[in-house]
Amino acid sequence: MSTDEHEKNTSGSGDGHGLPWEDRPEGCVDVVWRYSANPIIPRDAIPCANSIFNSAVVPFGAGFAGVFRVDDKRRMQQLHAGFSADAIGWDINPDPIQFTTDEPELAGFEYGYDPRVCWIDDRYYVTWCNGYHGPTIGVAWTQDFKTFHQLENAFLPFNRNGVMFPRKIGGNFAMLSRPSDTGHTPFGDIFYSESPDLCYWGRHRHMMGTTTGWQETKIGAGPIPIETSEGWLLIYHGVLASCNGFVYSFGAALLDLEQPWKVLYRTEPYLLAPQTLYECVGDVPNVVFPCAALADPDTGRLAIYYGGADTVTCLAFAYVDELIAFTMNNSVPTRV
């Protein structure tokens with residue numbers, strides 16, 4: 001697809017390029033609300049799947065494409081590509097993505113999970129938690145969601161939640177990540193990094209740390225940041241360590257446009273927390289985990305894709321302007 005075709009598809013139209021949408025329910029006062037037909041992708045949508053969740057979708061051609069986390073019936077974490085006409089009903093390839101690479105060191109795929117997809121210049125970049133002597137950030141690119149070219153891992157183990165910005169910052173590629181450990185990390189702040197060539201990463205900056213309540217234990221970047229006049233709108237997850245285990249919710253932050261490691265505002269209350277059956281009951285109870293968002297500039301509509309209980313894929317909606325206003329008006333003091 002040419003750059004012009006992609007810009008046409010993502011710039012938005014009166015119907016939001018077929019953007020999924022459902023009006024706010026009557027009587028609802030929340031800034032983010034759930035799709036009434038959740039989950040949109042059940043755990044067994046393809047024969048090999050134990051669960052399908054924490055996945056990334058983007059506009060593509062006349063419809064949409066995505067990269068999906070599929071934990072198979074061996075309980076191995078795999079990445080699968082898929083396509084959709086309406087971004088709700090998905091045709092997911094039953095076979096995992098086979099990455100191509102000229103580097104034998106990268107050829108042995110161990111595991112991959114929690115992908116994000118970002119359009120930059122003339123191609124789609126995929127980042128994911130990649131198994132290489134522990135969890136690190138894998139990077140690949142595609143133009144057709146059929147052939148995926150794997151690049152060097154961005155960072156040393158251990159790291160998760162690699163999320164690229166949709167344009168270069170100061171002439172460099174930019175990415176958020178969450179340095180961690182090899183297990184179910186009981187800590188974590190978000191850091192910012194830059195690269196001139198998607199091989200060598202540096203200029204690391206601490207961006208945002210934990211606070212209290214729903215984001216007291218660890219945090220991580222969610223969907224690709226959305227550029228607005230008020231700053232980069234970042235949806236991120238936060239974790240509370242409860243007496244019954246971790247609880248994953250999500251909120252939002254506004255980042256400086258040219259120095260994105262500078263946090264302008266971040267939500268003190270959460271935007272969405274596990275409350276429904278499909279968010280509270282599953283392989284990992286009490287999880288909402290956002291990995292993708294589709295925005296329509298003309299209508300201001302936002303469709304947020306998130307995993308429920310590490311089992312199914314769900315959808316929520318918001319208006320960008322309302323989300324920005326809520327973030328600015330309900331901001332917790334940032335921690336330097």
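Trainee: What lies over the face of Trp261?

Mentor: Arg205 does, at 5.7 Å from the ring centre. A charge counts as sitting over a ring if NZ of Lys or CZ of Arg is within 6 Å of the ring centre and within 35 degrees of the ring normal.

Trainee: And what sits over the ring of Trp141?

Mentor: The charged end of Arg123, 4.1 Å from the centre of that ring. Before we go on: this is a predicted model, where local features need pLDDT of at least 70, side-chain atom pairs count only at pLDDT 80 or more, and totals for chains, interfaces and linings use all residues. Residues are numbered from 1 along each chain as its sequence is written, and side-chain values use heavy atoms, leaving out hydrogens and water.

Trainee: OK, how many aromatic pairs are there?

Mentor: The count is 25. One of them is Phe145 with Phe148, edge-to-face at 6.1 Å centre to centre and 80° between the planes. Rings of Phe, Tyr and Trp (its six-membered ring) pair if their centres lie within 6.5 Å; planes under 30 degrees apart are stacked, over 60 edge-to-face, and the rest tilted.

Trainee: Is Phe148 buried or exposed?

Mentor: Buried, at 2% relative accessibility. Buried means under 20% relative accessible area, exposed over 50%, partly exposed in between (1.4 Å probe, protein chains only).

Trainee: Back to Trp261: how far apart are the ring centres of Tyr192 and Trp261?

Mentor: They are 5.1 Å apart with planes at 50°, so the pair is tilted. Tyr192 is in strand E12 and Trp261 in the loop between strand E17 (245-255) and strand E18 (263-266), so the pair links parts 69 residues apart in sequence. Strands (E, at least two residues) and helices (H or I, at least four) are DSSP runs numbered from the N terminus.

Trainee: Which side chain makes a polar contact with Tyr192?

Mentor: The side chain of Glu194, at 2.5 Å. A polar contact is a pair of N or O atoms within 3.5 Å; within protein, one must be able to donate a hydrogen and the other to accept it, and residues adjacent in sequence count only if both atoms are side-chain atoms. Glu194 is buried, at 5% relative accessible area.

Trainee: New topic: which peptide bonds are cis?

Mentor: Among them are Asn38 to Pro39, with omega about -5°, and Pro157 to Phe158, with omega near 15°.

Trainee: What's the phi of Ala87?

Mentor: Near 65°, a positive value in a residue other than glycine. Ala87 is buried, with a relative accessible area of 0%.
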